[in-house]
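Thanks for coming, everyone. Please bring up the model on your screens, and we will walk through it together.

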Amino acid sequence: MSTEYRAAKETAALFDTNWHAIFSLSGPDRVRYLNAIVSNDIKSVGEAYGTRALLLNPQGHILAELEVYALGEKLLVRTHASVRERTFATLDKYIIMDDVTLEDLTDQLGSFAVEGPQAGTIVAQACGLALEGFSEFANAELSIDGVPSYLIRRSQFGGIGAEIIAPREHLGLLWQSMHARVHAAHGASISMTALNALRLEAGIPWFPDDFNDTVIPQEAALEATHVSFTKGCYTGQEIVERVRSRGHVNRRRVSLQFSTVDPPTPLSRLRTNDAEAKEVGLITSSAFSPASGLAIGMGYVRREQNSPGTILEFDGGTATVGR
C-alpha cells in the first residue's frame, strides 16, 4: 500500500468509484419534488452545481446518502449501490401528482476518479478544463477522448480531485487513457485499502460503514454538510429539528486513533478505560494510517465519553477519541 499512498499524496491516484447507483430525475417538477423529500436545499443548487443530502425515514434514520447534481434539464442523483433498490423505490413512491420521471441509469453509467496534487494538470490534459476554477460538486458535460461524459469536482480524501461519469461501454477505454496520463505523472492506480486509509486520515465518513439506517443525522455528525435547517419540511424533518432544539444527542460519530498497528475489526465494542470497563460505543471502520504509523478509524461513542482526548479500550488495545 505504501506506493499507492505515496502516489496519492505526492502526485495522483486513479481509482474505481463504481460503488455508486446512479438515477436521473427529469420533468418540470423535479427540483420541487426532490427538495420536499430530502434533507438539504435542492432549490438553491444552480445548474452545473451539486450538493449532498440524506434520504430519511419518518423516524429520522438515514436510508441513503445522496449526491445531487443539476445537469441541464435533469438532476443526476448518486447513492450507494448497496441501497440501490430501496432508494429507487423510496424516491418512486413519493411521485404522485408530480410531473417527474425517475430513471435508474446504474447499468448504463459508470465512474472512476483521479485525485492528488497533480490531478488538476492531468484532468486539464484530458479535457481542457481547469479543476482549480471549480467548487466542490461543480460539474460539466464534456467530451473526453471523444466520449460524452460528466466531469464532477469531487474529493474522496480531501485533495484536488475529479470523478468522470461515462457510458459503461466506453469506461474501460477512458480508464486506460487516464491511467496512461496518471502513470506519466508518476502517479498510480490505487486499491480500496489505500483509499480507505486516505479518507479516514481526512476524516471523511462513508455510507454505509460509518452511517446508515441505525442513526440520525446529528448522531452521524452530518448536520453541517448534509442538512438545511431553513428549507422547510421534508421526510424526517420533525425528528431532526427536535434534536436540534434539544441541543445534543446521546451518542455521536467521532474519529479514533488506535494504539495498535493492526486495525481493529469493525463493530468492535469500546469500553471505558477504568475498573468498570463500561461499554460506551463501537468502531465502525478502521485502517492502518501511514501518516501516524498506527491504525485509525471512526466510531460512535456516548456523549459522556466522547470528548477529544478521551481514552477508551477495545479488545486488543486502546482508542483515543478525536474530533
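Let's start with Ala-220, in the loop between helix 6 and helix 7. Helices are DSSP runs of H or I with at least four residues, strands are runs of E with at least two, and both are numbered from the N terminus. A word on the source: this is a predicted model, where local features need pLDDT of at least 70, side-chain atom pairs count only at pLDDT 80 or more, and totals for chains, interfaces and linings use all residues. Residues are numbered from 1 along each chain as its sequence is written, and side-chain values use heavy atoms, with hydrogens and water left out.

Is Ala-220 buried or exposed? It is buried, with a relative accessible area of 0%. Buried means under 20% relative accessible area, exposed means over 50%, and partly exposed is in between, using a 1.4 Å probe and protein chains only. Which residues does Ala-220 touch? Leaving out residues up to four places away in sequence, they are Ile-62, Phe-211, Val-215, Arg-253 and Tyr-300. Contact here means heavy atoms within 4.5 Å. Pro-205 is 15 residues from Ala-220 along the chain, and their C-alpha atoms are separated by 8.7 Å.

Pro-205 brings us to the largest pocket. Its volume is about 450 Å³. Of the 26 residues that line this pocket, the closest to its centre are Glu-65, Arg-154, Gln-156, Pro-205 and Trp-206. How is a pocket defined? On a 1 Å grid over the protein atoms alone, it is an open set of points where a 1.4 Å probe fits, with protein on both sides within 12 Å along at least five of seven lines; lining residues have an atom within 4 Å of a point. Grid points are joined across faces, edges and corners, and the volume is the space filled by probe spheres set on the points. Strand 4 (62-71), strand 5 (74-80) and helix 7 each give the lining at least two residues.

Next, Thr-87, in helix 3 (residues 84-93). Thr-87 is buried, with a relative accessible area of 1%. Its side chain reaches the backbone oxygen of Val-83 at 2.7 Å. That is a polar contact: a pair of N or O atoms within 3.5 Å, where within protein one must be able to donate a hydrogen and the other to accept it, and residues adjacent in sequence count only if both atoms are side-chain atoms. Beyond four places in sequence, Thr-87 touches Phe-23, Leu-55, Ala-64, Leu-66 and Thr-79.

Lys-231 sits in the loop between helix 7 (223-226) and helix 8 (237-246). Lys-231 is also buried, at 15% relative accessible area. A polar atom of its side chain lies 3.0 Å from the backbone oxygen of Asn-40.

Now helix 8. Its buried residues are Ile-239, Val-240 and Val-243. Why are they on the same side? They cover an arc of only 100° around the axis, so they share one side of helix 8. The arc is that of the directions from the helix axis to the C-beta atoms. An α-helix has 3.6 residues a turn, so residues three or four places apart point the same way. Glu-238 and Ser-245 are exposed on the other side of helix 8. Strand 3 (50-56) is among what covers the buried residues. After helix 8 comes Gly-247, with a positive phi near 100°.
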